[in-house]
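Welcome! Have a look at the structure first, then try each task before reading on.

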Amino acid sequence: MSVSVNKKNFKATIDSKEIELCVVRPNVKQRQEGQKVYNKAFRDAVESGAILRAKVNSVMREQNLWDDNKEAEYKKLIEKINSNERKIKSGGIKLSEAKDLALQMRKDRSELRTLTSERSSLDSNTAEGQADNAQFNYWVSACTVYSDTGKQYFNSYEDYLNRDNDPVTGQAASSLALMLYNLDPDYEKKLPENDFLKKYKFVDEDLHLVDKQGRRVDSQGRLVNKDGRYINENGELIDIDGNKVDESGEYIVEFSPFLDDDGKPVVEEVKKSDKTEKIEKTEEVKKETESK
């Protein structure tokens with residue numbers, strides 16, 4: 001995907017044919033139309049009972065989605081993340097200790113996201129959140145064009161809303177969001193903890209933990225494959241205790257017959273299939289006919 005100040009190009013495959021498209025920054029007229037879409041969506045949301053963004057905190061407390069304990073936990077996580085970031089940037093400690101701090105930052109940031117997920121969800125459903133979403137969708141519909149002709153890809157705003165399964169929809173929306181809101185596609189990689197882990201080769205390009213040989217491992221240093229399943233030094237699937245398993249997770253072992261109380265192998269009687277019985281009966285009839 002190529003990037004410029006006012007345009008982002010991307011490719012999509014439609015009916016086995018690759019096409020080149022781009023999203024362009026909304027012009028004055030499109031921004032004005034987008035504002036109209038925002039106003040209507042805001043009005044409709046308020047009339048349907050949507051809360052205003054300013055009331056999110058009070059509503060969360062009223063519905064027990066947020067309380068003083070969660071507020072304290074939120075502040076504690078922020079403090080821990082900032083404190084560990086300062087320690088890593090200051091240096092002067094063992095590299096292994098800095099690695100542990102970076103991994104703890106990862107965990108704390110994940111907990112922080114989980115803690116605030118309900119707030120984010122509620123915010124998107126406010127009158128302003130719904131209006132923002134409608135305005136953005138309009139801009140995607142109006143600003144997605146063919147790279148060679150500049151002709152709009154979507155026939156209208158409604159056409160865009162009705163194309164949920166169109167592969168262009170997602171790509172166009174993400175491309176326009178990156179451009180309009182200055183979102184960084186490498187945001188995760190640039191987080192201080194991931195930047196440190198990558199710099200000292202504790203993670204690969206996908207930010208997955210690796211050992212000194214660059215092989216993927218879990219947090220305990222055990223080898224895993226690209227699907228996150230445990231493997232041995234030969235790349236064979238194993239369980240957490242090192243026992244070989246197949247793709248279905250079934251143990252791979254060599255079976256030996258069970259023994260009776262005298263230590264003799266117990267021979268299991270194998271039930272004959274209907275097909276086998278028919279073949280045997282046919283052979284018997286054949287032998288009787290030949291003997292006559």
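**Exercise 1. Find the handedness of the crossing in which α3 passes α4, then describe how the two helices run.**

Solution. Step 1: the crossing of α3 past α4 is left-handed. Keep in mind from the start that this is a predicted model.

Step 1: look at the geometry. Two packed helices are described by the angle between their axes and by the distance between the axes. Here α3 covers residues 68-90 and α4 covers residues 95-124; their axes come within 9 Å and cross at roughly 150 degrees. Angles over 145 degrees count as roughly antiparallel, so α3 is roughly antiparallel to α4.

Step 2: sort the residues of the contact between α3 and α4. They divide into 11 nonpolar, three polar and 11 charged.

**Exercise 2. Work out how the rings of Phe136 and Tyr181 are placed, and which parts the pair ties together.**

Solution. Step 1: count the ring pairs. Rings pair if their centres lie within 6.5 Å, and by this rule there are 10 aromatic pairs.

Step 1: take the pair in the task. The ring centres of Phe136 and Tyr181 are 5.9 Å apart, with the planes at 35 degrees, so the pair is tilted.

Step 2: Phe136 belongs to helix α5 (residues 127-143), while Tyr181 sits in the loop between α7 (167-180) and α8 (187-190), so the pair ties together parts that are 45 residues apart in sequence.

Step 3: check the surroundings. Buried means under 20% relative accessible area. Phe136, at 12%, therefore counts as buried. Tyr181 has a relative accessible area of 42% and is partly exposed.

**Exercise 3. Classify the aromatic pair of Tyr153 and Phe154, and name the cluster linked by ring pairs.**

Solution. Step 1: read the geometry. The rings of Tyr153 and Phe154 are 4.9 Å apart, centre to centre, with 85 degrees between the planes. Planes over 60 degrees apart count as edge-to-face, so the pair of Tyr153 and Phe154 is edge-to-face.

Step 1: check burial. Tyr153 is buried, at 7% relative accessible area. Phe154 is buried too, at 1%.

Step 2: follow the ring pairs. They link Tyr146, Tyr153, Phe154 and Tyr160 into a cluster.

**Exercise 4. Which ring faces do Arg31 and Arg119 lie over?**

Solution. Step 1: Arg31 lies over the face of Trp139, at 5.3 Å from the ring centre.

Step 1: Arg119 lies over the face of Trp66, and here the distance from the ring centre is 4.7 Å.

**Exercise 5. Where do Ser16 and Asn64 lie, and are they buried or exposed?**

Solution. Step 1: Ser16 lies in the loop between β1 (7-14) and β2. Its phi is near 65 degrees, a positive value in a residue other than glycine. Ser16 has a relative accessible area of 78%; exposed means over 50%, so Ser16 is exposed.

Step 1: Asn64 lies in the loop between α2 (56-62) and α3. Phi of Asn64 is near 60 degrees, again a positive value in a residue other than glycine. With a relative accessible area of 67%, Asn64 is exposed.

Methods: Residues numbered from 1 in each chain as written. Predicted model: local features only at pLDDT ≥ 70, side-chain atom pairs only at ≥ 80, totals over all residues. Heavy atoms only, no water. Axes fitted to C-alpha atoms, helices over the stretch in contact; angles between N-to-C directions. Helix = DSSP H or I, 4+ residues; strand = E, 2+ residues; numbered from the N terminus. Parallel < 35°, antiparallel > 145°, perpendicular 65-115°, else oblique. Left-handed = near helix turned anticlockwise from the far one by under 90°. Nonpolar A, V, L, I, M, F, W, Y, C, P; charged D, E, K, R; others polar. Phe/Tyr/Trp six-rings, centres within 6.5 Å; stacked < 30°, edge-to-face > 60°. Buried < 20%, exposed > 50% of the residue type's maximum accessible area, 1.4 Å probe, protein only. Lys NZ or Arg CZ within 6 Å of the ring centre and 35° of its normal.
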